[in-house]
Amino acid sequence: MINPLIKLQKVSISWSVVCTVALSLWGNPVWAGDPFRSTNPRPIGDNTEAAFVEIFKNGNYLEAKTYLEQAVETEPDEPLAFAIKASLAYSNEEWDVMKNAAAQTLSVAENLTPKDPLRGNLYQAVGHFLQGAYTFKTKGPLGAVNKLQLVLDHLDKAEEIAPNDPELNLLKGYLDLILSVNLPFSSPEDAIARFEQYAAPNYMVDRALFAAYRDLDQYDTAMQYIDQALANSPDNPELQYFKGQILRKKGRTEDGQPQDLELLQEAYTYFDQAMTKVDQLPKGVQIPLRHDHRVVQDEIAKLSMNPN
């Protein structure tokens with residue numbers, strides 16, 4: 001039996017990924033900044049939409065923060081803006097900012113629910129999850145236990161309203177994928193199938209499936225999805241870093257020893273490209289990128305000196 005605290009820790013970590021990725025989405029806008037729906041679009045504000053572009057089209061989190069500051073002032077009824085703000089604060093370890101933005105996400109979502117029960121319940125789930133992630137990081141897992149059921153309850157309510165909604169399925173599908181990778185009783189195949197069938201936009205589906213297959217150690221399939229994501233956004237430094245990750249993994253043995261000089265050199269090329277824009281990435285990406293950029297150089301040097 002899995003220790004419930006370990007399960008909570010995995011869920012909390014997973015939710016930080018979901019909030020950083022699945023809540024900050026970009027696709028071709030179809031109406032008033034709604035990147036999710038081709039029918040019955042919601043009037044998501046222009047500044048929130050612009051933040052989407054900077055984060056996941058351009059990989060420029062610094063510029064996105066400027067748009068988010070405008071969004072929370074000019075679009076105060078849009079919970080997604082506050083959710084992104086909380087998520088970026090999580091990535092940068094700005095705990096007070098995260099705490100306040102998570103509370104605002106929940107409050108705005110509660111006010112939205114009578115007018116739009118689908119998105120209202122969806123972002124109430126998000127708000128509770130953000131609060132749980134904050135509590136987990138600052139006080140430990142016990143304080144966050146009660147939030148998990150609230151998250152699931154509101155997701156269930158949203159799913160009852162519109163089970164095929166792309167925004168719901170993108171968020172819930174991403175969470176399902178993360179849980180299926182970390183919890184042995186979950187099925188990644190079922191989660192992936194659900195995600196592919198209902199979620200949108202395709203750009204974020206590619207990105208999420210890359211992460212899923214990478215964590216399942218299915219590197220060839222992961223490479224297909226990151227290549228598709230890069231085809232849409234070739235200059236995004238975060239995506240360049242992700243491709244370098246896969247190339248580096250493929251260039252090492254199962255016990256982590258460098259074995260393929262050509263793949264490691266290609267990985268370094270992508271890390272190097274990402275490093276040219278490292279300052280526009282959040283702290284949670286900068287630190288591992290700098291580490292991998294340095295370490296892969298050592299691996300290349302080691303392999304060059306001992307090719308056999």
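Good morning. Helices here are DSSP runs of H or I with at least four residues, strands are runs of E with at least two, and both are numbered from the N terminus. Glu 93 has a phi near 60°, a positive value in a residue other than glycine. As a rule, most residues other than glycine have a negative phi. Glu 93 is partly exposed, with a relative accessible area of 45%. The scale is as follows: buried means under 20% relative accessible area, exposed means over 50%, and partly exposed lies in between, using a 1.4 Å probe and protein chains only.

A word on the origin of the model. It is a predicted model, in which local features need pLDDT of at least 70 and side-chain atom pairs count only at pLDDT 80 or more, while totals for chains, interfaces and linings use all residues. Residues are numbered from 1 along each chain as its sequence is written, and side-chain values use heavy atoms, with hydrogens and water left out.

The term pLDDT denotes the predictor's confidence in each residue, from 0 to 100. Its mean over the protein is 83, and 84% of the residues reach 70 or more. Over residues 1–32, however, pLDDT stays under 50.

Now the overall picture. The protein has 14 helices and zero strands. Of its 308 residues, 55% count as buried. A contact means heavy atoms within 4.5 Å. Among contacts between residues at least 6 apart in sequence, 62% join residues at least 24 apart. The accessible surface comes to about 13900 Å², and 49% of that belongs to carbon and sulfur atoms; such areas come from the Shrake-Rupley method with a 1.4 Å probe, and for residues only the protein chains shown count as cover.

Asn 40 is found between helix 1 (4–21) and helix 2 (46–57). Its phi is positive, about 50°, although Asn 40 is not a glycine. Asn 40 is exposed, with a relative accessible area of 55%.

Let us turn to helix 6, residues 117–139. Its 23 residues reach 32 Å from first C-alpha to last, close to the 33 Å expected at 1.5 Å a residue. The expected span is 1.5 Å times one less than the number of residues. How many of the residues of helix 6 are buried? The number is 19 of the 23, so helix 6 is largely enclosed by the rest of the structure. After helix 6 comes Gly 140, with a positive phi near 100°.

Helix 11, residues 219–232, passes the same kind of check: its 14 residues should span 20 Å at 1.5 Å a residue, and its end C-alpha atoms are 20 Å apart, which agrees. Its buried residues are Tyr 219, Ala 222, Met 223, Tyr 225, Ile 226, Ala 229 and Leu 230. What covers them includes helix 9 (188–198), helix 10 (202–215), helix 12 (237–250) and helix 13 (261–275).

In the loop between helix 11 and helix 12 lies Ser 233. Is Ser 233 buried or exposed? Ser 233 is buried, because its relative accessible area is 2%. Leaving aside residues up to four places away in sequence, Ser 233 touches Phe 56, Lys 57, Tyr 203 and Leu 239.

I close with the aromatic rings. Rings of Phe, Tyr and Trp (its six-membered ring) pair if their centres lie within 6.5 Å; planes under 30 degrees apart are stacked, over 60 edge-to-face, and the rest tilted. The count comes to five aromatic pairs. One of them joins Tyr 90 and Trp 95 edge-to-face, at 5.7 Å centre to centre and 85° between the planes. Tyr 90 counts as buried at 17% relative accessibility, whereas Trp 95, at 24%, counts as partly exposed. Tyr 213 and Tyr 225 form a stacked pair, 5.8 Å centre to centre with 0° between the planes. Tyr 213 lies in helix 10 and Tyr 225 in helix 11, so this pair ties together parts that are twelve residues apart in sequence. Tyr 213 is buried at 13% relative accessible area, and Tyr 225 is buried at 14%.

Finally, ring pairs link Phe 210, Tyr 241, Phe 242 and Phe 271 into a cluster. The charged end of Arg 214 sits over the ring of Phe 242, 5.9 Å from its centre; this term requires NZ of Lys or CZ of Arg within 6 Å of the ring centre and within 35 degrees of the ring normal. Thank you.
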